[in-house]
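Dear colleague,

Please find below the structure that I am handing over to you, together with its sequence. My findings follow directly after it.

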Amino acid sequence: MKLVVFGLTISSSWGNGHATLWRGLCRSLARQGHRVVFFEKDVPYYASSRDLFVIPNGELILYDSWDAIRDRARAELADADAAMVTSYCPDGIEATDLVLDTPRVVRTFYDLDTPVTFSKLQAKEPLTYIGSRGLGAFDLVLSYTGGGALDKLQSELGAQRVAPLYGHVDPDVHHPISPISHYISDLSYLGTYAADRQTALQRLFIDPAGMRPQRRFLIGGAQYPDDFPWQSNIHFVRHLPPSEHPAFFSSSRLTLNITRQAMAEMGWCPSGRLFEASACGVPVLSDDWEGLDSFFEPGSEILIARTTEDAVAALDLSDAELKRIARASRERTMAEHTSEHRARELEALLASASSPPPSTGRSTAMMEA
C-alpha cells in the first residue's frame, strides 16, 4: 500500500504531539511492507528544531508553498492507494480539494485534535484544515478521540464513515532503561505549560510537593512562566525531545498525567504520554476522564487522582505496589497500544473504506473503543 499524507509535521517533535505518533506509525507500516509519502510545509519553527530527515521505506517531502508542490502532490497521488489530510495541516483545505478530486484512492481525513476542532467551531473560529464542505466527501474520517466525538464528526461535520485511531507508543523508542541521576524523582510530570492544566497541576503536583517536602518532584517541559509557583523540592528540566523521554520516565518512581481541558471534557482521548510512560515501566498517576478505564484498569494498571489527598496517597504506596502496577500497565500497553497495533488498525480501516458506508449511524465495529 502507498499512503500519501498531508500533515502538520513529522520532521520535528518540538511542541507538538503529531510527530512522535507519525514516526511510530510510519516505522510500523514500513515493517508491514507499506510506503508513506509525507508532505510537510517547511516552516521556520519546525525547521530550527528538526530531528528527523528520513522516513523508513517512504519519503519526506518538505515544501515552501502549496503552489510550488501542487504538481508533485498530484503525481504522488496518481499511484497511491490511500491519501490522508490531517488536522493542523497548514494547507489542509487545498490538500483536501486535491485529494477529493483524485480517483481510485481511499480519501481519508485524520483529526488528531478533535476536541480542539470542536472548541474552535463552537467559538466560530476559522479552521485552516477543514473547508466549508466539511468532511462529508471523505471515504473515511479518523479521530484521535473516540466516544461522543465520533457522533459529532457525523452530525456537525457530515462525516459518513468514522472510526477512532488512538494514540500509541513505539516500544523500540520507549522502553525501560537505567535511571539517570538528574532525572530521578518520586513524582515527575512531563508536559508543556498550559493554563488550562494549571489548576490540576496545582492540586495533583504542587500541593502534594508541599505536603511531602522530603520527596523530590520533577517537571519536564517548556513555556513555564516566571511566576510559576516553584517550591524547593520541585525541580525542572526544559523541553525534552522524544529520545530523552525513556530516561525521564525510567528515572521516576511515579509519573503524573494531566489531560488538556478540551480533551478531558470530551473524554476518550488518551494522551500518547500515557502509553510512553507505561512502556518505560513507570506507574502512572492520572487525572480522571470518561473512557480512561477502557485503556487501563484503574487501581491495577493505573492510579487515578481527583484530589490532593489521592495524589499523596499514591506517593505513599510501597515500592512493591508501584512496581506491580507498572508491570500490569506495561503488559496492557504491549498487548493493545503499540504503534504496530495502530498500524494494523489503520490498514484494516483503509481496506474496509472502499465499501459503502453504513446507511444509518456507525457500524458496530466502528463504535468499539
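I begin with a pair of packed helices: the crossing of H7 and H11 is right-handed, a crossing being left-handed if the near helix is turned anticlockwise from the far one by less than a right angle, and right-handed if clockwise. Before going further, please note that this is a predicted model, in which local features need pLDDT of at least 70 and side-chain atom pairs count only at pLDDT 80 or more, while totals for chains, interfaces and linings use all residues. Residues are numbered from 1 along each chain as its sequence is written, and side-chain values use heavy atoms, with hydrogens and water left out.

**Helices H7 and H11**

Helices (H or I, at least four residues) and strands (E, at least two) are DSSP runs, numbered from the N terminus. Two packed helices are described by the angle between their axes and the distance between the axes. For H7 (residues 195-211) and H11 (residues 308-315), the axes come within 8 Å and cross at roughly 65°; axes are lines fitted to C-alpha atoms, for helices over the stretch in contact, and angles run from 0 to 180 degrees between N-to-C directions. On the H7 side, Arg203, Leu204, Asp207, Pro208 and Met211 meet Thr308, Ala311, Val312 and Leu315 of H11, where contact means heavy atoms within 4.5 Å. The residues of this contact of H7 with H11 comprise 6 nonpolar, 1 polar and 2 charged (Ala, Val, Leu, Ile, Met, Phe, Trp, Tyr, Cys and Pro count as nonpolar, Asp, Glu, Lys and Arg as charged, and the others, Gly among them, as polar).

Leucine 315, which belongs to H11, is buried because its relative accessible area is 0%; buried means under 20% relative accessible area, exposed over 50%, and partly exposed in between (1.4 Å probe, protein chains only). Leaving aside neighbours within four places in sequence, leucine 315 is in contact with Asp186, Leu187, Pro208, Arg215, Phe217, Arg253 and Leu254.

Threonine 255 is placed in strand S11 (residues 255-257) and counts as buried because its relative accessibility is 2%. Beyond four places in sequence, the contacts of threonine 255 are Leu187, Ser188, Tyr189, Phe249, Ala277, Val282, Pro283, Val284 and Leu285.

Leucine 274 is found in helix H10 (residues 272-279), and a relative accessibility of 1% is why leucine 274 counts as buried. Not counting residues up to four places away in sequence, leucine 274 touches Asn257, Val284, Ser286, Trp289, Leu292, Phe296 and Ile302.

**Aromatic rings**

Rings of Phe, Tyr and Trp (its six-membered ring) pair if their centres lie within 6.5 Å; planes under 30 degrees apart count as stacked, over 60 as edge-to-face and the rest as tilted. By this rule the count comes to 24 aromatic pairs. One of them is the tilted pair of phenylalanine 228 and tryptophan 230, at 4.4 Å centre to centre and with 50° between the planes. Within that pair, phenylalanine 228 is buried at 5% relative accessibility, whereas tryptophan 230 is partly exposed at 33%. Elsewhere, ring pairs join Tyr166, Phe275, Trp289, Phe295 and Phe296 into a cluster.

A charge sits over a ring if NZ of Lys or CZ of Arg is within 6 Å of the ring centre and within 35 degrees of the ring normal. Lysine 152 lies over the face of phenylalanine 118 in this way, 4.8 Å from the ring centre.

In H4, the buried residues are Gly92, Ala95, Thr96, Leu98, Val99 and Leu100. These residues pack against strand S1 (2-7), helix H3 (66-78), strand S4 (82-86) and S5.

The loop between helix H4 (92-100) and strand S5 (106-111) holds arginine 104, whose phi is near 70°, a positive value in a residue other than glycine. Arginine 104 counts as exposed at 74% relative accessibility. Lysine 124, in the loop between helix H5 (114-122) and strand S6 (140-143), likewise has a positive phi, near 60°, and is exposed with a relative accessible area of 76%.

Yours sincerely
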